Every structure is written in structure tokens, then in C-alpha cells.
Amino acid sequence: MNDRNRTIALGLVVVIGIACAALLVRRLDRLRPPDDPNAIDESLYVNGKTARRISLSFNGLAADWYWMRSLQYVGRKIINDNDVPLDNLGLLNLKLLAPLLDTATTLDPEFLDPYEYAAIVLPAINVNDAIRITKKGIDANPNAWRLYHHLGYIYWQQHDYQAASEIYGRGAQIEGAPPWMEAMKAKMAADGGSRATAREIYTRMYEQSADEKVRDMARRRLLQLDSLDQRESLRKFFAAYQARAGRCPSSWKEIEPIFRALRVAVDASGAPLDPSGAPYVLGPCEVELDPKSEIPAK
Amino acid sequence: MESTAAITHSTTRTESQHGKLWRIAAIARNAFREAVRDRVLYNLVLFVLLLTGASVFIGELSGGQERKVIVDLGLSAMLLFGVFIAIFVGVGLVYKEIERRTIYAVFSKPVGRGEFLVGKYLGLCLTLLVNVLVMGVGVSLALLYVSHGWDPLIPTIWPAVLLIYMELMLLTATALLFSSFSSPALSALLTFMVFIIGHFSADLKSLANSLGGSGARWLFTGLYYLLPNLSNYSFITPAAHGRAPSLGFVFATALYAFVYIAVILAAATLVFSRRNFK
């Protein structure tokens, strides 16, 4: 066998060998038993402090890895239910999220995004973890006013308006904090449970967050608040209609002319549209969100 | 007459110093060429691939934190690749010359053993400098790419790059010291251990403070001061947050590195001078 033939033969062995190996991998994938669905929730082997110790100079990179793992962990859980808002993931059994975010922030205490994520996502899973991690962030970054905003948001969600007001007040003292932090302090103390306060908090969250998912969650919550206002008006309208006609409207078509006169946006069936553009569903003197609407029901 | 003798003596000394520097520079140049011939700088290709991949794909995975991840990844890779070069090339600097018996040819010329060691050391430091500079430019370009223009993190990574380079210089000197009296495998292992322990310096100190027995306390305090404190050179994470060290801090770490390297090279020369090559 001359040199040229030997080269060709060896090249063929390489190409055919790789093709055979790929085919074998496909076969093995079919034969292998399915992955344990609970494996994703396996506890972390090392806690944050140990991870920081063994990471040598690479703690920043390790923190990035834990952060990306947190996002992947949540992403895999919501992959089948994309419509769940980020602040309402309590049913997804995200028991590993708090340890992952805790480790990421222990490895790199100045990394602010995991604190923000903890403040938004964790209250629906374990509010104590959410408060603990956000407070840890404030201790490590006392000049990051955004963290006070996030902690205030957690307290507001728990209807602890006094604590929320206090936190907004502390955040407002920080150099560079926007003037609305001081306004939020007053609003929380005087009118914490109102829809106006909720609108204010989500508007600020939408404006300030760099995370696309958090901004989307805030946008959907703002749409929900608008929808609540609309539904309230529609219910009042139904009550007036019932008082006058002695019955509830049987279809949207029946009341479509009134909506058109009031310049309310309606679809082809005469149903008024919610702020996201989906038609409302008519019940007996009641109005409900379309299940396909992107506005969260809760 | 006396002054003429003094001038002659001084001239001879200056010429001798000049010759010494020239010889060290020649050995350093050769060590650098040898590293390039050994394809040490090929690691840059891997680095470029890593950064390119990170720049393109990391945005999807990091939730908008690609700039931080690029700085962390780039500078960590710079340190890791540099440590591997410092250790694995460093421990072979002297050993290869002995193995190939080229050291006899070198020492048949008027070259001192100290000059030989310092020249070899500076040659590898030059290789590492080229490596670190190219990688620093690579990280800066990746930041320019992901930010679609100027990024405020670019000026803050360079002090961290300088600190990484100092750490690599310290490790290279350590590798050279170990290789002056032991085998390459053992030298690599010992240098790697110094790298790890060097990052645990703070723990050594707190361990010493927490121990009751005075003997153990003295031992760990001694180790704390004896081993290089490499945690001072870790500025990757703050750099990723746009924080640069103060000029005073950089100067102090540079001075520490200079003193420590001088000590290690002096010790290596001492050991190497007594070595018998017969």
C-alpha cells in the first residue's frame, strides 16, 4: 500500500468510525432508561461559603454559573407552562431556587441580579427566603437603593405596609436614589393596599429593571390592574342594565351599540377587549378574562 | 595612579555588568523563542474560541448579564491558562536543558548559573506577557462586541490583568525554584499546591488565630508570612462590577511581587549553584 492509499484508508477509518459512533450513541439513547424527573431537584452538594472557599480566584465565574443554573432551573420548570407570571411560580416546586441564588450571592455578594430575582420569584415559594436573601444583598451593598425597592415590594406583597414604608424610607436616604422612593414611603404608609400603589410599584419595576422577564412580569401586572378597573366598570354597567331591563344581557351583541357609543374597543362578536387585546368572556351579569389572555387571572 | 586604577576597575565593572545583562537578555530571548516554537501560544486560539462562543451565546443563558460573564470568563481563563503555562513550562525550563544536555554547552561559555536562571525566568515571563496582553485585548474586543460600542468595563479590566500577570510571575518563579532541585512532576505538583495555598492565606491566618497551642499558632502564622499571598492578586470579580484597585494597592502588590520574586530567584540560584551536573 503506497502513501496515498494509506492516507485515504486512514481517512476513511476516521470518517466511518465517527459515523458508527454517532449511530451507536443514538441507539444507546433509545436503550437508556428515562432520566429521573426529580434529579433536577437534587440538593446542592456544597453550600455558598464552601463554594466560595474552594473557588480560589474564580468566585465570580462560579457565581455566574450558579446564576445561569438558577435561570435554567426555573426555565425547565416553566417550559410547559409559559403563561405563569414570574411572581406566581409557587406551584412549580422550585425548592432548589433559594439555595442556588443564595450560593450565587455568597460567591459574588456584589452581583445584584440574583437578589432582584430572589425578591420577585421567591415570595411565592418561600417568603422568608426572599426576605433573607434580599436583606443579605442590602448588607453587602448598602448603597444599592434598588434592593430597598425590592425588599419594600416583598413587604408590600405581604400586606406589611408599615415595614414596606420604612424600607422605602431607608432607601430614599441613599445618595442617587430617585425621588419616587420617598413618595413610595408616604404612599405605603397612607394607602398601601390601594390599586394606585400597586400601579406605582409595578410602573417603577418596569422602568428600573434590566431583566427582560421581570419587566414582562411588571407589564402584565400593569395590564391586570387596568383590566381590574375595566371589569369593575363593566360590572357597574351590568348592574345598571339589570336594574333597567330586569335581566342580564344574554350576549355581547345585545350591548355592542352601547359600547360603540362609549368608544369601548370591541371585537367582531361585540365583546369588549381587555388591555392585552383579548376579548372578555360574558357570564351571568359577570365579566371574566379569556383563558387565552396574557393577563394573569390571579 | 590610584584614581586611574579605580577608573579602570569601575569601567571593567560596568562592562561586566553590561555583559551580564546582555547574556541574561540573550537567554531570555531564546527561552521566549523556544516557548513559541513549542506552540505554547496556541492556547490563545482556544481562548479566542471560548470568548467568541461566550459573546455569541452567553446573552441567551445569563439573563442579560453577558458583560459580567465575559469579564469573569475572560479573566478567569487568562489566569487558568497562565497558571498552566507557568507551571508546566516553568518546571521544564531547567530540566529540559539538563535532559538534552544542552546545559553543558551553555555553561562552557562565560554564563553564570544565576544569569541562566534569571534569563530563563524572564523569557517565560515575556511569553506570559504576550499571552496576557493578547487575551486582555480579546476580552476588550468581546466587550465592544456585546455592548455594540464602547463599554465602561474596558478600562477597569486592565488593572486586573496587571494583577493576574504579577501572580503568574510569582508562580513562574516558584516553579523555577522547585525545578532547580526536583523532578518536573514533583515541581508541578508543589507549584500547584503553592497556587492553591496562596489563595487560602486568609484562612491560614484565621486558623493561626483560632488555635490555642502556641506551637501550632507559630507554625501557621509562619506559613502565612512565608507562602505567597496570592489572594491579593484576585481582582477579577470586582473588575466585572466596574471596580478598579487603587494605585496605592497596585503599587504595594507590585512591590510585594518584586520582593518575593527576588527572594525566590535568589533561593533558586543558591540551590542551582550547588547542583552537580556530572
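Modeller: Let's begin with what a helix is here: a DSSP run of H or I with at least four residues, numbered from the N terminus. With that in hand, chain B reads α-α-α-α-α-α-α-α-α-α-α-α along the sequence. Keep in mind that this is a predicted model.

Colleague: How many helices and strands does chain B have?

Modeller: Chain B has 12 helices and zero strands. Its C-alpha trace spans about 75 × 50 × 45 Å along the principal axes.

Colleague: How do you know how far to trust chain B?

Modeller: We look at pLDDT, the predictor's confidence in each residue, from 0 to 100. For chain B the mean is 87, and 93% of the residues reach 70 or more. Within chain B, helix 1 (residues 2-37) has the lowest confidence, with a mean of 75, and helix 7 of chain B has the highest, at 95. For the complex, the predictor gives an ipTM of 0.81 and a pTM of 0.79.

Colleague: What makes a residue of chain B count as buried, and what percentage of them do?

Modeller: A buried residue has 20 or more other C-beta atoms within 10 Å of its own. By that test, 40% of the 278 residues of chain B are buried.

Colleague: Which residues touch the most other members of the largest nonpolar core?

Modeller: That core has 124 residues, and B:Ile70, B:Leu75 and B:Ile164 touch the most other members. Helix 7 (residues 153-179) of chain B gives the most to this core, with 16 residues. Take B:Ile70: leaving aside neighbours within four places in sequence, its contacts include B:Leu51, B:Ile58, B:Val139 and B:Val146. Across chain B, 82% of the contacts between residues at least 6 apart in sequence join residues at least 24 apart.

Colleague: Over to chain A. Why is the span of helix 7 of chain A said to agree with what a helix should give?

Modeller: Helix 7 of chain A has 13 residues (145-157), so at 1.5 Å a residue it should span 18 Å. Its end C-alpha atoms are 19 Å apart, which agrees. Just after this helix, A:His159 takes a positive phi of about 65°.

Colleague: What makes helix 7 of chain A "mostly covered"?

Modeller: The count does: 12 of its 13 residues are buried. Among them are A:Trp145, A:Arg146, A:Gly152 and A:Trp156. The buried residues of helix 7 pack against helix 5, helix 6, helix 8, helix 9 and helix 10 of chain A.

Colleague: How do you know that chains A and B touch?

Modeller: Two residues are in contact if their C-beta atoms lie within 7 Å. On that test, 18 residues of chain B are in contact with 16 residues of chain A. Helix 3 of chain B gives the most to chain B's side, with six residues. By class, that side of chain B has seven nonpolar, nine polar and two charged residues.

Colleague: And which domains does chain A have?

Modeller: The domain assignment gives domain 1 (47-201) and domain 2 (219-288) of chain A. Their contact takes four residues from domain 1 and four residues from domain 2. The centres of the two domains are separated by 37 Å, taken over C-alpha atoms.

Terms used:
Residues are numbered from 1 along each chain as its sequence is written. Chains are lettered from A and ligands numbered from 1 in the order in which they are written. This is a predicted model: local features need pLDDT of at least 70, side-chain atom pairs count only at pLDDT 80 or more; totals for chains, interfaces and linings use all residues. Domain bounds come from an automatic or database domain assignment. Helices (H or I, at least four residues) and strands (E, at least two) are DSSP runs, numbered from the N terminus. Ala, Val, Leu, Ile, Met, Phe, Trp, Tyr, Cys and Pro count as nonpolar, Asp, Glu, Lys and Arg as charged, and the others, Gly among them, as polar. The expected span of a helix is 1.5 Å times one less than its number of residues. A nonpolar core is a set of buried Ala, Val, Leu, Ile, Met, Phe, Trp, Tyr and Cys residues joined through C-beta atoms within 7 Å.
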